[in-house]
Amino acid sequence: MTETLTTKVLIIGAGTGGYVAGIRCGQLGLDTVLVDGGDGLGGTCLNVGCIPSKAIIHAAHKFETVAKAADGGTMGITASKPAIDLKQTVEWKDGIVRKLNAGVAGLLKKAKVKVINGWATFSDAKTCTVKTGDGDIVISAEHVILATGSEPVELPFLPFGGDVISSTEALSLDKVPGKLVVVGGGYIGLELGIAFRKLGAEVAIVEMAGRLLPLYDKALTDPVGKWLEAHGVELHLGAKAGSFEKGQLNVTTKDGQAVKLKADKVLVTVGRKPRTKGWGLENMGVAMAGPFVKIDDRCATSMRNVWAVGDLTGEPMLAHKGSAQGEIVAEIIAGHDKRFDPVSIAAVCFTEPEIVSAGLGPLDVEGRDDVIQAVFPLMALGRALAIEAGSDGGFVRVLASKTDHRLLGVQAVGQHVSELSNSFAQMLEMGALLEDVAGTIHVHPTMGEAFHEASLRALGHAIHI
Ligand SMILES: Cc1cc2nc3c(=O)[nH]c(=O)nc-3n(C[C@H](O)[C@H](O)[C@H](O)COP(=O)(O)OP(=O)(O)OC[C@H]3O[C@@H](n4cnc5c(N)ncnc54)[C@H](O)[C@@H]3O)c2cc1C
């Protein structure tokens, strides 16, 4: 029998966009139903994205630290050669995911959000049928929030299956591959490629662009390139991957040569695309912006009271963007006057070393003579030296307006700099001037002092350089 249900707010997708919207709707007293047909509450980020990848990256870092101690040692610390049982590592990672799944479920329950596990298909903009284990439920709603997220892009000549894997399978392998070829040198491919290199795999990266992480300027990505080189990662830049046959990936190099790369696993990370197919979006009459659902600065689609958040709505496809949109949409539905208009959405690559970018970078201000740029190298920072983060070419860089000193952008590369990202974003969001950062007493010894010093340097009076 088909059940029917009406609700004030219907949310499709329990990723970081959808579940945060759900919690906020509940807090605001809106009658809310949240539908998800995926792996678990938390969507891509929690189940197969941000959290599991950072857990594996952490395990890889730990393994590498012990491996270094076994290989002659550092700081007078030696150890015997480490071993890894990746099945156990993955089980540990899955435990973290389960804990967080349960946490999200608890928060939604507390907010009195009704959660339905099943796949939703829309017949019109405000009505969908959800296929659940216990039969179909037809739901109609006054407001619909679309948060269906994204999925990995598949290459037609290199389809997923067998030893050709996406990031999802890479995060649940039962052993470290002897040889791993990563196709696509964006942040997901690099984060995972570096982690597997630390775990002992031989890694090659095939990237069609002439350089890694092409969205970031070269100064920011150079330290990552140096790490890859120093750790024997084979780089094929400007190269095109082809099919995978008999354990070998066909690659056409920059100068047109056909080479074969041996691989136990081929990890394809050539990007993600919004999930717009297979759930009746075409029946909803919402306008599109290229492959994404078109939204305005309230996250409203072209259809009245249909809202969209997260990866479905465009770049940057980042978890924190979706959550911020989710909160705002809930508040708008509850009658608040809100806009999604951030000064910056900071992005982090959890590579080795890490990269942070917030606001405008040098590529955005090329040719402008009204911008001051200043860099503070981590090799001049006591804290960085004390935690072995001062010798890989890391730095913090600030960009500010020459006329009024308003901060326009902050970037950093170096170990542990991901933890500085929120301080960069806060200063930008508050419209801080260089004098505000310079006038804030930064704790010593911390990595954050590099932000302080870069701002002082932009003002012409850095202390430690
Ligand atoms: C390996 C990896 C690492 C990443 N690392 C980071 C990181 O460090 N930081 C960061 O900010 N971002 C990271 N991301 C990106 C981040 O995961 C996404 O930006 C984020 O998950 C998007 O959230 P979302 O709510 O838009 O959608 P998703 O998280 O994709 O969730 C959408 C949910 O909707 C469900 N769904 C879709 N259609 C339907 C339907 N018709 N019926 C029912 N359910 C449906 C799906 O099953 C899914 O559960 C990473 C991604 C990957 C793959």
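Helices are DSSP runs of H or I with at least four residues, numbered from the N terminus. In this predicted model, His320 falls within one such run, helix α8. The relative accessible area of His320 is 44%, so the residue is classed as partly exposed. Apart from residues up to four places away in sequence, His320 touches Ile345 and Ala346.

His320 is one of the residues under a UniProt annotation, "binding site", taken from an unreviewed entry. The annotation also covers Lys54, Thr148, Gly149, Ser150, Asp311, Met317, Leu318 and Ala319. These positions span 267 residues of sequence and are spread in space as well, with up to 22.6 Å between C-alpha atoms. Of the annotated residues, Met317 and Leu318 are included in the lining of the second largest pocket.

Leu318 sits in the loop between β19 (306-308) and α8 (319-333). With a relative accessible area of 15%, Leu318 is buried, because the cut-off for that class is under 20%. When neighbours within four places in sequence are left aside, the contacts of Leu318 are Tyr187, Asp311, Ile345, Ala346 and Ala347. Ile345 and Ala346 are also touched by His320, and Asp311 is itself among the residues of the "binding site" annotation.

The second largest pocket has a volume of about 1,300 Å³. Its lining is made up of 49 residues, and those nearest the centre of the pocket are Gly186, Tyr187, Leu215, Tyr216 and Glu315. Tyr187, one of these, is also a contact of Leu318. At least two lining residues are supplied by each of α6 (187-198), β10 (202-207), β12 (240-245), β20 and β21. Sorted by class, the lining of this pocket holds 31 nonpolar, 12 polar and six charged residues.

Aromatic rings were examined next. The count comes to two aromatic pairs, with ring centres required to lie within 6.5 Å. In one of them, the rings of Phe122 and Trp279 have centres 6.2 Å apart and planes at 70 degrees, so the arrangement is edge-to-face. Phe122 belongs to strand β4 (residues 119-124), whereas Trp279 is in the loop between β16 (272-274) and β17 (288-289), so the pair ties together parts that are 157 residues apart in sequence. Phe122 is buried, with a relative accessible area of 2%. Trp279 is buried too, at 1%.

Phe424 and Phe451 also form an edge-to-face aromatic pair, with 4.9 Å from centre to centre and 70 degrees between the planes. Phe424 lies in helix α10 (residues 421-429) and Phe451 in helix α12, so this pair ties together parts that are 27 residues apart in sequence. Both Phe424 and Phe451 are buried.

The backbone was then considered. Most residues other than glycine have a negative phi, and most peptide bonds are trans.

Met75 is not a glycine, yet has a positive phi of about 55 degrees. Met75 is placed in the loop between α3 (50-70) and α4 (86-110). The relative accessibility of Met75 is 60%, so this residue counts as exposed, the cut-off being over 50%. His405, also not a glycine, has a positive phi of about 70 degrees. The loop that holds His405 runs between β23 (395-401) and β24 (407-414). At 22% relative accessibility, His405 counts as partly exposed.

The peptide bond from Glu352 to Pro353 is cis, with omega near -5 degrees. Pro353 is in the loop between β20 (347-349) and β21 (354-359), and both of these strands supply residues to the lining of the second largest pocket. His444 and Pro445 are likewise joined by a cis peptide bond, with omega about -5 degrees. Pro445 is found in the loop between α11 (434-438) and α12 (449-458). Helix α12 is also the element in which Phe451 lies.

Conventions: Residues numbered from 1 in each chain as written. Predicted model: local features only at pLDDT ≥ 70, side-chain atom pairs only at ≥ 80, totals over all residues. Heavy atoms only, no water. Buried < 20%, exposed > 50% of the residue type's maximum accessible area, 1.4 Å probe, protein only. 1 Å grid on protein atoms, 1.4 Å probe; cavity = no way out; pocket = protein on both sides within 12 Å on 5 of 7 lines; lining within 4 Å. Points joined across faces, edges and corners; volume = space filled by probe spheres on them. Nonpolar A, V, L, I, M, F, W, Y, C, P; charged D, E, K, R; others polar. Phe/Tyr/Trp six-rings, centres within 6.5 Å; stacked < 30°, edge-to-face > 60°. UniProt positions renumbered as here; feature names shortened; annotations may be inferred. Contact = heavy atoms within 4.5 Å.
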